[in-house]
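Dear colleague,

Please find below the structure that I promised to hand over, with the sequence alongside. My notes on what was found follow directly after.

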Amino acid sequence: RLAFEAWRGGVEPRSPAWGSHVQWVHPASVTKSICPQGARAVRDWSADAMGDVEDLTLGGDVYGQEVPDTFGGSFSWAGQRYIERGVRIATFSNVILSGNEGVITRGCDVFVPYYDAQVPWHENLPHNIVPEAPVQILASALWLLVMFPANFFSFLVDELARLAVWLSARQERLPLLVPADRGKLKGFMYDWFALFGGFQVIPYDVRPHFVGAARVAEPRFAVRKLHVVDWRDPPGVARRGDVFLLPPRWALEKLRGLVVDRVYGRDRRTSSAELTSTRTLLWIRRAIATTRRAVNEDEVFDALKKLLHGLPGPAWRFTVFSDEPPAPTAKDTVRMFHDADLVIGFHGSGQANQVFCRSGTGIIDVNLPEPHSQYTAHNSYALGLRYRLPLMQGGALH
């Protein structure tokens, strides 16, 4: 609220703006405040307020389990019962994207996304100075809004879920604006985008803070038609405070269905035992991580083998998904998790891949007794996975 009240507007682009880059009002004029009353925070993205909004789902369904099945002690986070959020596509005309979080502005209007509380607005609203770097003009783009751009979990579960929603609803291939640390995407991102096929990927420069506040908040792009997939609260439901990086179930289902179909085509199986007469345990190994890893992994494997081999039914085989380079390709990752009947892993980004597991797959989430650690639980309940929670002992384990 204070950031919006204090903002006096960014530098004005010339109108009309010709060429491939924005031409700004002459520097001698930029001292003039264009928003003397501060920012107008536009949180209502309804068709009446925006002009072009499509609500794909309204949400409202309830899923999850209030207290998870826990081993190691009685514990629940804020509650593992969720009210489904809605999914919408909004189209903004003649807007500017600024700051590391890509805030969307037009004049004095600031269009507020679902992750409002997580955006450091005071660091992102552009200053009233001409940007040092050229600001590119795009005719159209799909803005894959996501926090923590270098984090694999947020990229896969939140960013690619938005892309899957877009393709399911529109089937239109637009340039993708993707947050990128210092303007460079991680290599794994291109591999995953290739599964979706045929997109121009435009890195959105996320700058280090040591370059100064004004440069961090600078505009990056001006877009004539900017499309955004975002979430919304269902009508009449107050927002939980801990839904960050917990996409709607409907969006996760679209992501799983689209990606698995791309990898398997019509040869999708319902269980590994159907084609191999064996069941598969997939172990997520944090080989290069320094925390949340099993130092006695061989001992754990021996105990699991003894336990599983004594059970009736098809035999079990063990596979390992590891973060040790070279990491599995996107296609190989999807196959490993989709074929698994049971997945065991410590809290970490590798668990994001569980969104490609089949409904009914068992998930054993060795997790932290900390409130922010509910991501795997949420994804499991959203996608019909059988979730169990062994709790680690201790504090500050992340």
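**What was found**

Glycine 197 counts as partly exposed, because its relative accessible area is 21%. Please keep in mind throughout that this is a predicted model. Glycine 197 sits in the loop that runs between helix H5 (187–196) and strand E11 (201–206), and, when residues up to four places away in sequence are not counted, glycine 197 touches Arg173 and Arg262. For the pair glycine 197 and arginine 173, which are 24 residues apart along the chain, the C-alpha atoms are separated by 9.0 Å.

As for the chain as a whole, it holds 11 helices and 17 strands, and of its 398 residues 53% count as buried. Among contacts with a separation of 6 or more, 75% come from residues 24 or more positions apart.

Turning to charged side chains, a search of the whole structure finds 17 salt bridges, and I describe some of them here. Arginine 43 pairs with aspartate 116 in a salt bridge whose closest N and O atoms are 3.0 Å apart. This pair links distant parts of the chain, 73 residues apart, since arginine 43 lies in the loop between strand E1 (40–42) and helix H2 (47–50), while aspartate 116 lies in the loop between strand E8 (109–111) and helix H3 (121–124). Aspartate 116 is buried, because its relative accessible area is 18%, under the 20% limit.

Aspartate 55 forms a salt bridge with arginine 232, and here the closest N and O atoms are 3.4 Å apart. Because aspartate 55 belongs to strand E2 (residues 53–57) and arginine 232 to strand E12 (residues 219–232), the pair ties together parts that are 177 residues apart in sequence. Aspartate 55 has a relative accessibility of 35% and therefore counts as partly exposed.

A further salt bridge brings together the side chains of arginine 285 and glutamate 297, at 2.6 Å from N to O. Arginine 285 is in strand E13 (residues 278–285) and glutamate 297 in helix H9 (residues 297–309), 12 residues apart. Are these two partners buried or exposed, in whole or in part? Arginine 285, at 26% relative accessibility, counts as partly exposed, whereas glutamate 297, at 13%, counts as buried. Elsewhere, salt bridges that share partners join Glu132, Asp205, Arg207, Arg215 and Glu218 into one network.

Glutamate 159, which lies in helix H4 (residues 152–169), is buried yet has no salt bridge. The nearest side chain of opposite charge is that of arginine 162, 7.6 Å away. With neighbours within four places in sequence left aside, the residues in contact with glutamate 159 are Leu144, Val146, Ser154, Val178, Pro179 and Phe193.

A search of the whole structure finds one cavity of 30 Å³ or more, and the volume of the largest cavity is about 80 Å³. Its lining is made up of 13 residues, of which Glu101, Gly102, Val103, Pro113 and Leu145 lie nearest the centre. What classes of residue make up the lining of the largest cavity? There are 11 nonpolar residues, one polar and one charged.

With kind regards

How values were computed
Residues are numbered from 1 along each chain as its sequence is written. This is a predicted model: local features need pLDDT of at least 70, side-chain atom pairs count only at pLDDT 80 or more; totals for chains, interfaces and linings use all residues. Side-chain values use heavy atoms; hydrogens and water are left out. On a 1 Å grid over the protein atoms alone, a cavity is a set of points where a 1.4 Å probe fits but cannot get out, and a pocket is an open set with protein on both sides within 12 Å along at least five of seven lines; lining residues have an atom within 4 Å of a point. Grid points are joined across faces, edges and corners, and a volume is the space filled by probe spheres set on the points. Ala, Val, Leu, Ile, Met, Phe, Trp, Tyr, Cys and Pro count as nonpolar, Asp, Glu, Lys and Arg as charged, and the others, Gly among them, as polar. Helices (H or I, at least four residues) and strands (E, at least two) are DSSP runs, numbered from the N terminus. Buried means under 20% relative accessible area, exposed over 50%, partly exposed in between (1.4 Å probe, protein chains only). Lys and Arg count as positive and Asp and Glu as negative; His and the chain ends are not counted. A salt bridge is a side-chain nitrogen of Lys or Arg within 4 Å of a carboxyl oxygen of Asp or Glu. Contact means heavy atoms within 4.5 Å.
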